[in-house]
Amino acid sequence: MCDRDYMALALELAKQGCGYVAPNPMVGAVIVRDGRIIGTGYHERYGDLHAERNALKNCTESPEGAVMYVTLEPCCHHGKQPPCVDAILEAGISRVVVGSGDPNPLVAGKGIQILRQHGVAVSEHVMEEECRKLNEVFFHYIQTKRPFVVMKDAMTMDGKIAAYTGKSRWVTGEEARAHVQTKRHRYTGIMAGVGTVLADDPLLTCRMEGGKNPVRIICDTRLRTPLDSQIVRTADRVPTILATCVENHEHRAYRAYEKAGCRVVRVAENESHVDLRELMSALGSEGIDSILLEGGETLNWSALKCGIVQKIQAYLAPKLFGGRTAKSPVGGTGFPDPMECVKLKNSTVTRLGEDFLIESEVDPGVHGDC
């Protein structure tokens with residue numbers, strides 16, 4: 001096996017922390033001595049041992065003189081855990097192979113520098129693209145302090161998210177819907193508009209076995225979420241934020257929401273809606289590093305226009321609904337000229353049963369004027 005093979009194994013280990021380590025990165029580590037794997041580990045839960053220390057703890061023999069493969073640069077600062085570089089040096093590791101650097105200003109090359117200063121050979125950039133992709137959320141969040149926003153929609157091949165009657169169950173098949181649950185587990189928050197709550201009365205929880213519920217964020221400009229909605233009735237069990245522009249003293253049900261377990265967050269108003277940029281800053285300051293946007297056409301348009309979306313996940317079903325009034329994923333006024341559109345890049349296609357998932361990155365810098 002070569003460096004890439006061991007790093008590929010470390011990546012697979014890292015993925016096991018998905019949904020449990022945020023806002024920290026997913027990290028995996030493999031320790032090899034004389035061509036034999038003697039220790040493996042990954043960051044399992046936020047606040048628990050980091051991947052490097054777990055791998056050292058799991059060693060079946062002395063790691064002195066061994067090689068460690070780690071998907072992200074070892075940390076060199078005290079957080080909830082002590083620096084991993086200290087553990088590596090104490091163990092006598094002779095060489096460290098790193099997938100990607102850590103953009104955290106507290107690390108950012110310093111971990112690698114310390115290792116080299118103490119005589120440890122360091123190889124960098126092994127499967128760097130794959131390692132960076134795994135932690136796209138962490139890289140965005142640590143650099144911007146704002147959540148990484150993924151806009152998800154499910155539509156037919158003629159671009160409809162519901163029939164003209166408003167009925168939308170179900171656009172896609174079971175396999176695609178199950179895949180959505182893995183994303184609800186993956187991302188820290190899930191966001192929808194009050195229109196979706198009024199139309200569908202959704203739960204917005206994770207139905208994956210062993211999965212973690214995301215923090216529910218409802219954009220509710222005028223605070224119209226029904227007190228008897230599933231969202232409010234389960235707010236004592238699932239963290240729920242109502243983002244509104246209404247002042248406390250202006251709404252008689254304000255305290256009723258809070259008594260039910262909701263947290264009402266007031267933000268400024270922008271074009272008669274919640275100011276999404278201000279909301280992203282507020283959520284980021286609370287450690288919400290990522291959001292799955294499951295909004296309707298109005299909220300989706302506002303999010304794209306404001307430039308808060310980093311990624312699109314479009315589930316495409318081989319169906320045709322038709323209908324001039326049937327809704328599409330993005331509404332609003334739209335862009336007046338094709339050259340002013342939101343541009344996407346680096347698209348991939350995955351087949352899920354009879355459906356397809358098209359994932360694309362939003363090209364930054366071509367929108368965001370709200």
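1. Gly92 comes directly after helix H3 and has a positive phi, near 80°. Helices here are DSSP runs (H or I, at least four residues) and strands likewise (E, at least two), numbered from the N terminus. The model is predicted: local features need pLDDT of at least 70, side-chain atom pairs count only at pLDDT 80 or more, and totals for chains, interfaces and linings use all residues. Residues are numbered from 1 along each chain as its sequence is written, and side-chain values use heavy atoms, with hydrogens and water left out.

2. In H3 (residues 84–91), the buried residues are Cys84, Val85, Ala87, Ile88 and Ala91; buried means under 20% relative accessible area, exposed over 50% and partly exposed in between (1.4 Å probe, protein chains only). They lie on the same side of H3, because they cover an arc of only 160° around the axis, taken from the directions from the helix axis to the C-beta atoms. Their packing partners are helix H2 (51–57), strand E3 (67–72), strand E4 (95–100) and helix H4 (110–117), with contact meaning heavy atoms within 4.5 Å.

3. Three aromatic pairs are counted. The rule pairs rings of Phe, Tyr and Trp (its six-membered ring) with centres within 6.5 Å; planes under 30 degrees apart count as stacked, over 60 as edge-to-face and the rest as tilted. One of the pairs is Tyr6 with Tyr69, tilted at 5.0 Å centre to centre and 35° between the planes. It joins helix H1 (residues 3–15) to strand E3 across 63 residues, and both Tyr6 and Tyr69 are buried.
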